[in-house]
Amino acid sequence: MEKSLQSLIAPLSKSDFLNHYKSNTPLVVHDIKDRMKDFTELPFLKSLDSLLKVWPEHVDSYCPGIADEANSKSITTQEAQGCFNNGMSLLFNDANKHSPLLNEWVESMKFELGLSNLTFGRSLIYATPKGQGTDPHFDQNINFVLQIHGTKKWWIADNEHVENPMTRHTIGVPTDPELDSYLHREMPNKFPENSTEVTLKPGSLLFVPRGAWHKTIAESDALALNFTFTAPTWIDILTTAMRGRLAQSSEWRETADFVTDEELFPQAFEKFDMLLSELAHDIPNWRSHHILHATEMDKFPLK
Ligand SMILES: [Fe+2]
């Protein structure tokens with residue numbers, strides 16, 4: 001089967017998807033079990049039991065309190081079944097590291113979405129006991145959820161508190177200081193009321209836009225396979241390319257000496273101002289294709 005998002009969402013087209021993607025609108029597709037065979041036929045996705053038998057690493061188990069990966073602990077696969085039976089959700093990180101097929105899917109979806117080489121794409125598996133779920137939060141990544149076993153309810157809402165967040169946030173957890181610096185309005189203490197409710201069954205696919213508020217509850221023991229993509233912002237593209245450029249200069253590579261020295265700080269300021277003025281002279285000549293050559297070299301060769 002062709003490893004593409006388009007093959008999963010047909011008869012919807014890529015441009016249908018892009019309409020959702022660009023407007024940060026969730027998209028759900030049901031009854032695509034036959035197209036999800038690549039995943040459902042993986043031996044380790046047959047059941048939680050089969051997954052725990054072959055999983056080579058520790059597993060993250062949610063702890064009592066806020067149901068969120070920020071409140072989890074690392075446990076062995078031997079401990080995991082007991083934790084699950086006691087109502088703890090389990091998270092299997094970076095499943096694509098252990099499955100070439102999942103890794104191929106990560107890479108082909110990344111390419112299909114036209115995402116930067118700097119994108120951190122991965123696959124995760126969530127095992128959620130009946131009645132449990134995830135507390136309200138948003139993520140900085142783009143998320144595709146494939147429901148493999150069981151039924152899970154999702155509530156998704158627009159994020160009117162911050163646009164294009166660069167870090168995730170869970171209600172009830174302190175806000176990351178950088179995220180706090182660009183909030184549009186103060187973080188809420190409860191999930192927004194105007195949300196969309198979606199019920200995922202085996203054979204459902206859900207696209208969760210970057211930054212959208214969401215929370216979940218499993219209606220039965222559930223297993224879901226996620227593909228997440230943390231793609232660079234323009235800030236990341238520029239700073240990565242700029243670092244590469246400035247690294248060519250021995251003056252920029254100098255230690256930033258005396259910046260907190262009470263007597264010598266004027267020297268530090270003078271030196272830094274000189275470097276900044278040289279950079280300001282250089283910047284008007286920068287063009288997007290030069291910068292993108294630094295991060296996406298194979299796609300934008302310099303002529
Ligand atoms: Fe999430």
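Trainee: Is E197 buried, partly exposed or exposed?
Mentor: Buried means under 20% relative accessible area and exposed over 50%, with partly exposed in between (1.4 Å probe, protein chains only). The relative accessible area of E197 is 45%, so this residue is partly exposed.

Trainee: Thanks! What kind of model is this, and how are residues numbered?
Mentor: This is a predicted model, where local features need pLDDT of at least 70, side-chain atom pairs count only at pLDDT 80 or more, and totals for chains, interfaces and linings use all residues. Side-chain values use heavy atoms, leaving out hydrogens and water, and residues are numbered along each chain as its sequence is written, from 1.

Trainee: Which residue forms a salt bridge with E197?
Mentor: A salt bridge needs a side-chain nitrogen of Lys or Arg within 4 Å of a carboxyl oxygen of Asp or Glu. Here the N to O distance is 3.2 Å, and the partner is K153.

Trainee: How many residues apart in sequence are the parts that this pair, K153 and E197, ties together?
Mentor: Helices (H or I, at least four residues) and strands (E, at least two) are DSSP runs, numbered from the N terminus. K153 lies in strand β8 (residues 152-157) and E197 in strand β10 (residues 196-200), so the parts are apart by 44 residues.

Trainee: Which residue pairs with E104 in a salt bridge?
Mentor: E104 is partly exposed at 43% relative accessibility. The closest N and O atoms are 3.7 Å apart, and the partner is K3.
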